[in-house]
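Good morning, everyone, and thank you for making time for this. Let me put the structure up before I say anything about it.

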Amino acid sequence: MRLFTLGTGAGRPTLHRHTSATALEYEGEVFLFDCGESVQLQLVRSPLKWGKMRAIFVGHLHGDHLFGLPGLLGTLSLVDRKEPLQVFGPVGLKEYLRVHLEIKSLWINYPLEVIEIEKPGLILETERYQVFTGPLGHIIPCWGYAFREKPRPGVFNDSKARALGIPEGPERMELVQGRSVTLPDGRLIQASEVVGPSRPGRSFAYCLDTRPCEEVVALARGVDLMVHEATFGRELQADAQQWGHSTAADAARMARESGVKRLVLTHISQRYSDPQVLLHEAKEVFPEVELAEDLQVFPV
Ligand SMILES: [Zn+2]
Ligand SMILES: [Zn+2]
C-alpha cells in the first residue's frame, strides 16, 4: 500500500506545487482523493496506471480539488476503459458532471456511477477493505475519507510447512484462510500450526479542507497515516479559522488527538517559499510529521 501526493498546493498551482490530488495504491488498484486540475499530468509522471483506477473521492467542490475531474474522466474513455468507475463526492457533483456531458465537453463510454454523499459512515466495502466518510469543517460542505483495510491473514511459515510435509497447492491456501486440512496420509493440520496470528489492516485518512474539529478526530482515529491540510502557519491562525482551514500546528494537534501513527502535511499555501517553517511548527506538537512534495511516495 503506497500513497502518492500528486498535488500539494492550495488554491492555485505554482511551479513547484500543483493543486490537490492524492492517490492511494492498494494491491494493484488506485484510489484517487481529489482531482486538482493537473491531476492527469501528475498521474503520467507517476508510475500509476490509468487502467487501475478503482474509485475517485472528491472532498468538496472548490475548484482546486475538482477542476481535474472532467478531464480525467474523459481521458479514461480515450484509453478505452470498459470497467465501471465510482466517483464519490458532495451534493452538486452530479450536476457539475451532467453539464459537462450535456454540452458535450465530456464523453464517457464506460459505466460511471456518481455517488453524492449525504450522511457520514461506510460508503464502500469489499472483502478486503472499507472506506468511511465524515463531514469536515470548511466553508462549503466538505467530506473527509478514511480507507481501512480489514485484518489480514497471518504470515505463512514456509519452512514449518515443508517440515510437516504439506504439499504446494490448494491445502496451503486453505491454511492461509484459517481452515484446517487433512493431508493425503490422513494427518489433520490446524491453520495455527503453520500460520501466524492475523495482522491488523493498514489504514489511511484524508482530511482537507478543514478547520480542526471533532469530526476529523473521529474519522482518522488510529490510522497508520493521515494526510491533513496545513494551509497556513501560526501567524495566520485567524485567517485559517475564517476560511475553514488549518495551520500546521492545528493539523498536528488533530494527529495527536486522533492517535494516528504518522502525519503528512499538504495543501500548502503558495505564500510559503520555504514551507519548512510549517514543518517545524507541526513538529513541536506531533513529531511523526512530514511535509509532502508533489510526486512524493509514502509507503503505508
Ligand atoms: Zn483547497
Ligand atoms: Zn476549499
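When I call a residue buried, I mean under 20% relative accessible area, with exposed over 50% and partly exposed in between, using a 1.4 Å probe on protein chains only. This is a predicted model, in which local features need pLDDT of at least 70 and side-chain atom pairs count only at pLDDT 80 or more, while totals for chains, interfaces and linings use all residues. Residues are numbered from 1 along each chain as its sequence is written, chains are lettered from A and ligands numbered from 1 in the order in which they are written, and side-chain values use heavy atoms, leaving out hydrogens and water.

Let me begin with helix α10, residues 248-258, whose buried residues are A248, D250, A251, A252, M254, A255 and S258; helices here are DSSP runs of H or I with at least four residues, and strands are runs of E with at least two, numbered from the N terminus. Just after α10, G259 takes a positive phi of about 70°.

Now to the metal: which residues coordinate the zinc ion (ligand 2)? They are H60 through NE2, H62 through ND1, H138 through NE2 and D209 through OD, at 2.2 to 2.4 Å, where donors are N, O and S atoms within 2.8 Å of the metal (3.2 Å for Na, K and Ca), and sites may look incomplete because water is not among the atoms. D209 also coordinates the zinc ion (ligand 1), and the two zinc ions are 3.5 Å apart. H60 lies in the loop between β4 (53-57) and α2 (63-66), and H138 in the loop between β8 (129-135) and β9 (143-149), so this pair ties together parts 78 residues apart in sequence. Both H60 and H138 are buried.
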